[in-house]
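Here is a short report for a reader new to this structure. Please look at the sequence and the model before reading on.

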Amino acid sequence: MPRAAELLRRGEVVAFPTETVYGLGANALNARAVARIFEVKERPTFDPLIVHIAELPAIFDLVECVPAAALHLAEQIWPGPLTLVLPKTRLVPDLVTAGLPGVGIRIPAHPVALDLLRQTGCPLAAPSANKFGAISPTTAQHVIDGLGAQSIPVVDGGPCAVGVESTVLSFMGLVPVILRPGGLPIEDICRLIGPVDQAVPDPDADDAAQPAPGMLSRHYAPRTRLLLVPTSRQATPLEGQRTGLLTWGKQPFSTGFAQIERLSTDEDLRTCAARLFAAMRTLDSADLDVIIAHQFPAHGLGIALNDRLTRASSGFVESQVDVAFD
Ligand code: TXA
Ligand code: MG
């Protein structure tokens, strides 16, 4: 770990664990180091990075102001899976925010990440440690599988407990806006600060012209075609195709699947979130023609889980949709 901190201080990139997913970190105040993140990830520079800090007071160097509601959330939720977008100071390089006036900041709830931040002594810009558009890593091995060829050092902190990325909430307008559903349920935010808006992706706009950055229609995607089945509808393999099933709880499915990944035996969505990306990877490497996935309920963590599934998918299985909407 002291070595990882030393590398980061020297302007190199290091992958490290957070409670959500593994991040690919660099000194957020060093534009050259941040540029290396974009290079390793092959990420377009219109997609901004999240800046990680270890303690709340560190935020005041990075942002011009913190509205009362944002401060309340930070005090209640951090360390935790919530990113706040606030007006940046000149200290934050434009590359970090993709030229936007706001910077996304969070304190991760992982002891290894917090130790690393403290030892490094600077804020760390860190997107998920995967190639752009691929499934986010929730173990050190996932990072090595995806980025290993570039010999990026990885600090191993075990599997990520939350398993989906942070919820991103912007305070750049008059009303707080959810830019990305994630590991903190939106209901928890509303309970603390009242109603928030939700940014809606524009299906006709190209990726750089979305209402919020990172609203890419296809993202978090396995190589294998993935199709969705609504909650409570029986999933059935596609005829003549080696079909995998990604399901949870007591969702109904017929026989004949080549491989089944069941994320939970009960209705606990936290267990599902912690296992989703690893299960997607397992199915993706099982030599299948197609993966069928059950949707989650549209509340709590189910909103973030459905968001990731929808962006990984190419739509619904038509033969398995109709009855669900009776
Ligand atoms: O849980 C997480 O958030 C993980 C861990 C490593 O912290 N990080 C992560 O970063 O998911 P990344 O780069 O994969 O996602 C960053 C997304 C952007 O695509 C965008 O949606 C939003 O966060 N974002 C970041 N900074 C922003 C900004 N300045 N303005 C608007 N949206 C921003
Ligand atoms: Mg990502």
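This is a predicted model: local features need pLDDT of at least 70, side-chain atom pairs count only at pLDDT 80 or more; totals for chains, interfaces and linings use all residues.

Residues are numbered from 1 along each chain as its sequence is written, chains are lettered from A and ligands numbered from 1 in the order in which they are written, and side-chain values use heavy atoms, with hydrogens and water left out.

**Ligand 1**

The shell around ligand 1 holds 25 residues, each with a heavy atom within 4 Å of the ligand. T20, D47, H52, G102 and S166 are the closest.

| Side chain | Distance to an oxygen atom of ligand 1 |
|---|---|
| T20 | 2.6 Å |
| D47 | 2.7 Å |
| S166 | 2.5 Å |

On its own, ligand 1 has 680 Å² of accessible area, and the protein covers 96% of that (Shrake-Rupley method, 1.4 Å probe). Strands β3 (50–52), β5 (102–106) and β8 (177–180) each give two or more residues to the shell. Strands here are DSSP runs (E, at least two residues), and helices are too (H or I, at least four), numbered from the N terminus. β5 gives the largest share, four residues.

**T138**

T138 sits in the loop between β6 (124–125) and α7 (140–147). T138 counts as buried because its relative accessibility is 3%, and buried means under 20% (1.4 Å probe, protein chains only). Leaving out residues up to four places away in sequence, T138 touches several residues, including T20, V21, Y22 and F277; contact means heavy atoms within 4.5 Å. P176 is 38 residues from T138 in sequence and 29 Å away in space, C-alpha to C-alpha.

How values were computed
A polar contact is a pair of N or O atoms within 3.5 Å; within protein, one must be able to donate a hydrogen and the other to accept it, and residues adjacent in sequence count only if both atoms are side-chain atoms. Buried means under 20% relative accessible area, exposed over 50%, partly exposed in between (1.4 Å probe, protein chains only).
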